Amino acid sequence: MSLFVLRRILTLVATLFAASLIIFLVLDALPGNAAQMLMGADASPDAVRALTVKLGLDQPLTYRYLLWIKGMAVGDLGSSYVYGTPVAGLIAERLVLTVPLAMMSMLITVVLALAAGIYTAANHNKLGDVGVMSLTQVGIALPNFWFAILLILLFAVKLQWLSAGGFAGWDDGIWLGIRSLLLPSISLAVVQAAILARVTRSAVLEVLREDFVRTARAKGLGKREVLWRHVLRNAMIPVMTVMGLQFANLLAGTIVIENVFYLPGLGRLIFQSIANRDLIVVRNCVMLLAAMVVTVNFVVDVLYAFIDPRIKVGNL
């Protein structure tokens, strides 16, 4: 197990290094000049050149990349071109919203998906199975930003139960913060829950056909006991894999949803920084998202050996 974890850690580090290189090169290749954007179209060439030197944009590509890597290693992410404040502080302020939003969305996704997937598998080819699977097909086809607008129209405009946008903050109480993130979380979770529910159903049905399930039933165990004690754990490998991938989709989806609901999170910061050509903020935000996704997949890989004892660690 120690060797397995070590190999996975080395893979994680190599993946992060490759991701940092790709992110840096892609953003550096974008057309335009950050100094020109900050100074305006009417700025003199000398002023633009002076600002370029001040921001370090005149340095060689390799030097700027190594400087960025060194800064991340010591926690110095530099200062924003637009805001003039440390990037680390900007990101920390936005993570207070984005992380709870992603976690709430993931929680709703898992609860809805597991409930629907297990229910449909236990009632295979019955009316409930057909009905729930039809709803999941609709959920997969729904764009989350369009579904978010529908939720705003229903719960904020017509029923007036929740606010249409903005974030109340955590200082006035956790419940007010959760209320502000409820509609965005649901709009993010619906599509992912529909996909995960279908994967869960297929995985549970496959395990239900195994010989050990028939043996357990023959020993007198009830259907519910067999399902929860034996089937679900053995069906979790493909489900956990999809959950790890879906966390990446949820993080990417926050960029759109936070702009729909005017939430001051990391996604909105990325959107505004792209518009302002504040590439140092974009670079660090995207790298943070990539690191979170890679870390989640690392955790999922490690959990495989604990979820299913049939899997040999050496084969992972």
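Visitor: Which residues does Ser-105 touch, not counting residues up to four places away in sequence?
Guide: Ser-105 is in contact (heavy atoms within 4.5 Å) with Pro-184, Ser-185, Leu-188, Ala-189 and Leu-250. This is a predicted model, in which local features need pLDDT of at least 70 and side-chain atom pairs count only at pLDDT 80 or more, while totals for chains, interfaces and linings use all residues. Residues are numbered from 1 along each chain as its sequence is written, and side-chain values use heavy atoms, with hydrogens and water left out.

Visitor: Why is Ser-105 called buried?
Guide: The relative accessibility of Ser-105 is 0%. Buried means under 20% relative accessible area (exposed is over 50%, partly exposed in between, with a 1.4 Å probe and protein chains only), so Ser-105 counts as buried.

Visitor: Where is Ser-105 found, and how far is its C-alpha atom from that of Leu-251?
Guide: Ser-105 is part of helix 5. Helices are DSSP runs of H or I with at least four residues, strands are E runs with at least two, and both are numbered from the N terminus. Ser-105 and Leu-251 are 146 residues apart along the chain, and their C-alpha atoms are separated by 9.7 Å.

Visitor: What makes Thr-98 buried?
Guide: Thr-98 has a relative accessible area of 2%, so it falls in the buried class. Thr-98 also belongs to helix 5, which spans residues 87-122. Leaving aside residues up to four places away in sequence, Thr-98 touches Thr-254, Glu-258, Gly-265, Leu-266 and Gly-267.

Visitor: Which backbone atom lies 2.6 Å from a polar atom of the side chain of Thr-98?
Guide: That atom is the backbone nitrogen of Leu-266. Leu-266 is in helix 12 (residues 266-275), where the buried residues are Leu-266, Gly-267, Arg-268, Leu-269, Ile-270 and Ser-273. After helix 12 comes Arg-277, with a positive phi near 60 degrees.

Visitor: Why is helix 5 called oblique to helix 11?
Guide: The axes of helix 5 and helix 11 (residues 236-260) come within 10 Å and cross at roughly 135 degrees. Axes are lines fitted to C-alpha atoms, for helices over the stretch in contact, with angles from 0 to 180 degrees between N-to-C directions. Angles under 35 degrees count as roughly parallel, over 145 as roughly antiparallel, 65 to 115 as roughly perpendicular and the rest as oblique. Helix 5 is therefore oblique to helix 11.

Visitor: Which residues of helix 5 and helix 11 meet?
Guide: Those of helix 5 include Leu-97, Thr-98, Leu-101 and Ser-105, and those of helix 11 include Leu-250, Leu-251, Thr-254 and Glu-258. By class, the contact of helix 5 with helix 11 has 12 nonpolar, five polar and one charged residues. (Ala, Val, Leu, Ile, Met, Phe, Trp, Tyr, Cys and Pro count as nonpolar, Asp, Glu, Lys and Arg as charged, and the others, Gly among them, as polar.)

Visitor: How do you know that helix 1 is oblique to helix 4?
Guide: The axes of helix 1 (residues 2-28) and helix 4 (residues 61-74) come within 11 Å and cross at roughly 130 degrees, and that angle makes helix 1 oblique to helix 4. The contact involves Phe-17, Ser-20, Leu-21, Phe-24, Leu-25 and Asp-28 of helix 1, and Leu-61, Arg-64, Tyr-65, Trp-68 and Ile-69 of helix 4. These residues divide into eight nonpolar, one polar and two charged.

Visitor: How many helices and strands are there in the protein?
Guide: The protein has 13 helices and zero strands. Of its 316 residues, 41% are buried.

Definitions and conventions. A polar contact is a pair of N or O atoms within 3.5 Å; within protein, one must be able to donate a hydrogen and the other to accept it, and residues adjacent in sequence count only if both atoms are side-chain atoms.
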